[in-house]
Amino acid sequence: MSSKQYPESLIRNRERLIEKAKQLNLFSDAMAKMVFTDSGACEHVLRILSGIDSLVIKENRTQMVINKFASKDIIMDVLVEDANNKLYEMEIQKSDGKIDHARRMLYYSSSIIGSYLPKGKDKKYKSVPDLYMFYITEPDIWHLGCTCYNVTKRLNNLPMTYDDGLHMYYVNAEVNDGSSIAKLMQYFKTAEADDLSQGKLSKHVNYLKSTKEGKAAMCEFTERIFSEGKAEGRAEGEVSANYAAAKRMLLKGNNSLQDIAEFTNLPMSKILELQAELKNA
């Protein structure tokens, strides 16, 4: 005799979400997004990473998207503007990802600078914003035994550095050299509620993981992320199915491009891209 199936307990579900949220660290997208909406937490991290103790944040955003009409969009984990209109961007990666990190940084930097260069008649390019980029990974992606790699540019290896306003840093949590940056990275790996070693960053993490209000916010956010993830999965499945249908229709050659676009609900630009790919295959 089979037992009757009941919906999951609301109490247990909430407790599970709270416990899951308490275990998150700052290499988790969900946790980083919640923590770095706080300007004080951002300011603490950027002062250590940049070495600019006087840095004051004017604006900070998480998961900002720069839409590109004819090329790949970018999603910035954390974008900050200081009181002097300098920009700071943090990319936080848990794993190596087996990608070309240097070229990713190149593409992100050009996209950010291009998007935040004010329109006008600045023929001397004096208004191009300074940009500090911090590519933070859990492993040492360069395998050279440093906590922080500062990308420097020089002319013919002369002592004077070439300063174009773009400052790139690769930071990891694998190598602990005892520096303030290394201590910060070790905190990124744990983000324990009772570790108050990182000033305003620790204070906000403690609030989220220990207080009644913080736990409620964490629980709600974690549940929303989980629900959005399922919805995105369904949406991605629908898009994949539409691409497969468009491919079959193009291969058969019995329908016009307009008919294919209307049937699959794909934009004409995507139909043309798919047509070109099939021709070059």
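The structure holds eight salt bridges, a salt bridge being a side-chain nitrogen of Lys or Arg within 4 Å of a carboxyl oxygen of Asp or Glu. The model is predicted, so local features need pLDDT of at least 70 and side-chain atom pairs count only at pLDDT 80 or more, while totals for chains, interfaces and linings use all residues. Residues are numbered from 1 along each chain as its sequence is written, and side-chain values use heavy atoms, with hydrogens and water left out.

**Stop 1: salt bridges**

Select Glu 43 and Arg 47. They form a salt bridge in which the closest N and O atoms are 3.5 Å apart. Both residues lie in helix H3 (residues 39–50), four residues apart, about one turn of the helix; helices (H or I, at least four residues) and strands (E, at least two) are DSSP runs, numbered from the N terminus. Glu 43 has a relative accessible area of 13% and is therefore buried, where buried means under 20% relative accessible area, exposed over 50% and partly exposed in between (1.4 Å probe, protein chains only). Arg 47, at 29%, counts as partly exposed.

Next select Asp 100 and Arg 103. Their salt bridge has its closest N and O atoms 3.4 Å apart. Arg 103 is exposed, with a relative accessible area of 59%, and Asp 100 is partly exposed at 43%.

Then go to helix H9 (residues 268–280), which holds Lys 270 and Glu 273, three residues apart, about one turn of the helix. The side chains of these two residues meet in a salt bridge of 3.9 Å, N to O. Lys 270 is partly exposed with a relative accessible area of 31%, and Glu 273 is partly exposed at 41%.

**Stop 2: the cavity**

The structure holds one cavity of 30 Å³ or more. On a 1 Å grid over the protein atoms alone, a cavity is a set of points where a 1.4 Å probe fits but cannot get out, and a pocket is an open set with protein on both sides within 12 Å along at least five of seven lines; lining residues have an atom within 4 Å of a point. Grid points are joined across faces, edges and corners, and a volume is the space filled by probe spheres set on the points.

The largest cavity has a volume of about 40 Å³. To display its lining, select Asp 29, Ala 32, Lys 33, Gln 63, Asp 77, Val 78 and Ile 92. Helix H2 (29–35) and strand E2 (74–82) each supply at least two of the lining residues, and the largest share, three residues, comes from H2.

**Stop 3**

The largest pocket has a volume of about 250 Å³. Of its 13 lining residues, Asp 29, Gln 63, Ile 75, Asp 77 and Gln 93 lie nearest its centre. The elements that give two or more residues to this lining are H2, E2, strand E3 (87–93), helix H4 (101–115) and helix H7 (212–252).

**Stop 4: the nonpolar patch**

Finish with Leu 155, Leu 158 and Tyr 162, which make a nonpolar surface patch of about 310 Å². Patches are made of residues with over 30% relative accessible area and no salt bridge: like charges are joined within 9 Å, nonpolar side chains (Val, Leu, Ile, Met, Phe, Trp, Tyr) within 5 Å. Accessible areas come from the Shrake-Rupley method with a 1.4 Å probe; for residues, only the protein chains shown count as cover. Tyr 162 is in the loop between strand E5 (148–151) and strand E6 (166–172), and at 44% relative accessibility counts as partly exposed.
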